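Open the model in your viewer and keep the selection panel at hand.

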Number of protein chains: 2
Amino acid sequence: MATYREMSKQELEALLCDLQKEYEGYKAKGLKLDLSRGKPDKAQLELSMPMLDVLSAADVLAGEDGTDARNYGVLDGLPEAKKLMAQILELAPEQVFVGGASSLNLMHDCMGLGFLHGYPGGNGGWYKEGKVKFLCPAPGYDRHFSVTEHFGIELVSVPMTGEGPDMAEVERLVADPAVKGIWCVPKYQNPLGLTFSDEVVRAFARLSPAAGDFRIFWDNAYNVHDLYPGEGDQLLNLMDELKATGKEDMVLMFSSTSKITFAGSGISAIGCSAANMAWVKKHFGFQIIGYDKVNMLRHVKFLPDIAAVKSHMVKHAQLLRPKFEAVRNTLEDNLGETGVASWTNPRGGYFVSLDILEGCAVRTIALCKEAGVVMTGAGAPFPYGKDPEDKNIRIAPSFAPLGEVKQAAALLCLCAKIACVEKLLG
Amino acid sequence: MATYREMSKQELEALLCDLQKEYEGYKAKGLKLDLSRGKPDKAQLELSMPMLDVLSAADVLAGEDGTDARNYGVLDGLPEAKKLMAQILELAPEQVFVGGASSLNLMHDCMGLGFLHGYPGGNGGWYKEGKVKFLCPAPGYDRHFSVTEHFGIELVSVPMTGEGPDMAEVERLVADPAVKGIWCVPKYQNPLGLTFSDEVVRAFARLSPAAGDFRIFWDNAYNVHDLYPGEGDQLLNLMDELKATGKEDMVLMFSSTSKITFAGSGISAIGCSAANMAWVKKHFGFQIIGYDKVNMLRHVKFLPDIAAVKSHMVKHAQLLRPKFEAVRNTLEDNLGETGVASWTNPRGGYFVSLDILEGCAVRTIALCKEAGVVMTGAGAPFPYGKDPEDKNIRIAPSFAPLGEVKQAAALLCLCAKIACVEKLLG
């Protein structure tokens, strides 16, 4: 079969005619499907229901150091919660600050801390320095970018390569002292699903930014979220690499149990060096006395260590894998020979990323919507919501039931084909 | 008996000699007591242990509108949680935004929102306006003041009268457009324990600040925290009064269940007008997807309505009342005839406030410490931690066991007497 680019105008017109007929057929079905939401589905949430029974009225709610989990206090979390989150982040417990139900909130607060008071090594609050900037590898996670924009910080796009952010570009950009940090999802990146290569991690560890308080916001949201347990991607430990270069203060790591236990009712964490930890504790102490320690205790009783976490994540993988494979097979079957599409085959995380012909993403997503399939807005994974090439589409297969994922993916392929043929026809 | 001021130098010297002997006796005991912490005690926390059993693995964790409480979403809280917190705040459910385990965190975030983006009616972020100021009725809650100071906002002290803040002074100060708001704990105020009079609440409702986005931060932390249930103080509903004056946007109310269920593992709330609610939702949406809805459901199942809350609070009152009465009796017995001390007799809340001779608070608290009794630091309830008259001492009777409260209060009285006699002797 010829790729779309090899077809004549007449062939494309005939193809478009067929595709439109098929599309009208879909539209007549009145579908209501959704591939936009990076949320666990009900079956995944059921996996953690036993957590509701690990604490009861008969228990003594004391932490291992005797702290009454029901009362005020302990800003950085119960010791056992620090241990658990340290294992998830691959850090030492003393490098971990345990927060509430949202790691996004911790990241926002860390951005706020920079904005208000800066970080050790800098000149104080960024807002006093006039225009400051943050690097945004794109496509990336839209909420990272919008948090940053909310502080009035300028978003600077950095291209993603197959191994992570374009580090030559990062090195060039951090020579600007107004550049205060960079966002990263180093493992199973949102939305590409790729894991940063060892070389990229080492390049981060060698980085010499002009800003003394430049910080890598390392959102390791998917570190234990393998789709193929035992065969998952391996991410080099950035903290170890930074130890080697003597730049441990350059990173703030984040994680949460939102996609391990309950989304929005889990526990979250910041991982960082001793100097950053002292800074975070000093400043967070103004905003809160301590996060929910009863929920920390509940998590630790349900998931006592990393082995328990990993066997729990195997169950998630069993539920998620068929959906990811359905998306992959549908893309392969429908777009494989068109020559106008490429996509990622992640081995973990929550997203598949589809690239189609330049200038066709907005049109594709509009066609999807018209036929009853909600996709993440075109451009969402880019700074300021604008995909410069209008070609990227984020697919989130986790939330919908498997049958709906298949149907929605097939319709997405159809819409992509229509948009691409239209484009080629000019 | 003569008051201290009526005594001759010789009488005072003899008295001091006796007091010092008594003090040495206490010191020899090697006491370790603490009246500094406004925390519930273990018996109070036990009251809420049944809350750990209201949700189990067998339950369906759906909100009344079908929302899966275990998944992402619903920024302003489950409808049933909004209803519960609305009853506690005496507002309509749509005026309530339900947050996480800390109302201090919500207040910090609302201060941050003002700092970054201002509020409706203003000129945008306060940080762009240069120096801005916040009114701090004093003595007040130290954490309110320190949150404000953390943003670099200037603290302006306002004297407290027996009815609330000195409203003539407040009216005078809000003519300055740099004054962006005022902190209030309107019921059983921390540390005075008094409730704002109707006249004071009405004066707030009539306030015409120069700053278009001036906000009253109305921390109604103790609205259901009566020590004498059924005979508690009555606080006029500020939102109703503001409705009458057409100034509903002027207030942000706060509350939490921290001193109802578990301290630091409860749910919290912002109460505000429709315009403020839209503003808060728009901006908080950048920092978090939603707060812990499983914990909201847990609270609503344990405390379905205000009647349940009130009968639960009766049990708290039974535990707290003897401690407050012990403090009152000890103060009366020991300082009643000295003429150098006065104190509050709160009918709710968590604090008793003791005023002694000017210039004697620091010395009293140092003497307490030396004999093994920890008190809240002198000056803590004042802006920048400085009591201009050095006379105020905050007493927190809730956390220590009753016997220790009695002993600590007695020793506090002794130390106060020593400090005052020393002062009078020059």
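Before selecting by element, note how the names work: helices (H or I, at least four residues) and strands (E, at least two) are DSSP runs, numbered from the N terminus. The model is predicted.

**Stop 1: the interface**

Color chain A and chain B separately. Select the contact residues: 55 in chain B touch 55 in chain A. Together the two chains bury about 4800 Å², with 55% of that area on carbon and sulfur atoms.

**Stop 2**

Zoom in on one pair: B:Glu46 forms a salt bridge with A:Arg70, and their closest N and O atoms are 2.9 Å apart.

Next, pick out the elements on chain B's side. H2 (42–46), H4 (103–117), H5 (142–150) and H10 (293–302) of chain B each give two or more residues to the side that touches chain A. H4(B) gives the most, with six residues. Color this side of chain B by class: 26 residues are nonpolar, 17 polar and twelve charged.

**Stop 3: the largest pocket**

Select A:Leu104, A:Tyr141, A:Asp142, A:Arg143 and B:Ile289. Of the 37 lining residues, these lie nearest the centre of the largest pocket. The space there is about 770 Å³. Which helices of chain A each supply at least two residues of this lining? They are H4 (103–117) and H5 (142–150). H5(A) gives the most, with five residues. By class, the lining divides into 16 nonpolar, 13 polar and eight charged residues.

**Stop 4: the second largest pocket**

Move on to a pocket with a volume of about 620 Å³. Select A:Tyr72, A:Ile289, B:Tyr141, B:Arg143 and B:Lys259, the closest to its centre among 33 lining residues. Then highlight H4, H5 and strand S8 (251–256) of chain B; each supplies at least two residues of the lining. H4(B) gives the most here, with three residues. H4(B) also gives the most to the side of chain B that touches chain A. Finish by coloring the lining of this second pocket by class: eleven nonpolar, 14 polar and eight charged residues.

Notes:
Residues are numbered from 1 along each chain as its sequence is written. Chains are lettered from A and ligands numbered from 1 in the order in which they are written. This is a predicted model: local features need pLDDT of at least 70, side-chain atom pairs count only at pLDDT 80 or more; totals for chains, interfaces and linings use all residues. Side-chain values use heavy atoms; hydrogens and water are left out. Contact means heavy atoms within 4.5 Å. Buried area is the accessible area (1.4 Å probe) that two parts lose on being put together, summed over both. A salt bridge is a side-chain nitrogen of Lys or Arg within 4 Å of a carboxyl oxygen of Asp or Glu. Ala, Val, Leu, Ile, Met, Phe, Trp, Tyr, Cys and Pro count as nonpolar, Asp, Glu, Lys and Arg as charged, and the others, Gly among them, as polar. On a 1 Å grid over the protein atoms alone, a cavity is a set of points where a 1.4 Å probe fits but cannot get out, and a pocket is an open set with protein on both sides within 12 Å along at least five of seven lines; lining residues have an atom within 4 Å of a point. Grid points are joined across faces, edges and corners, and a volume is the space filled by probe spheres set on the points.
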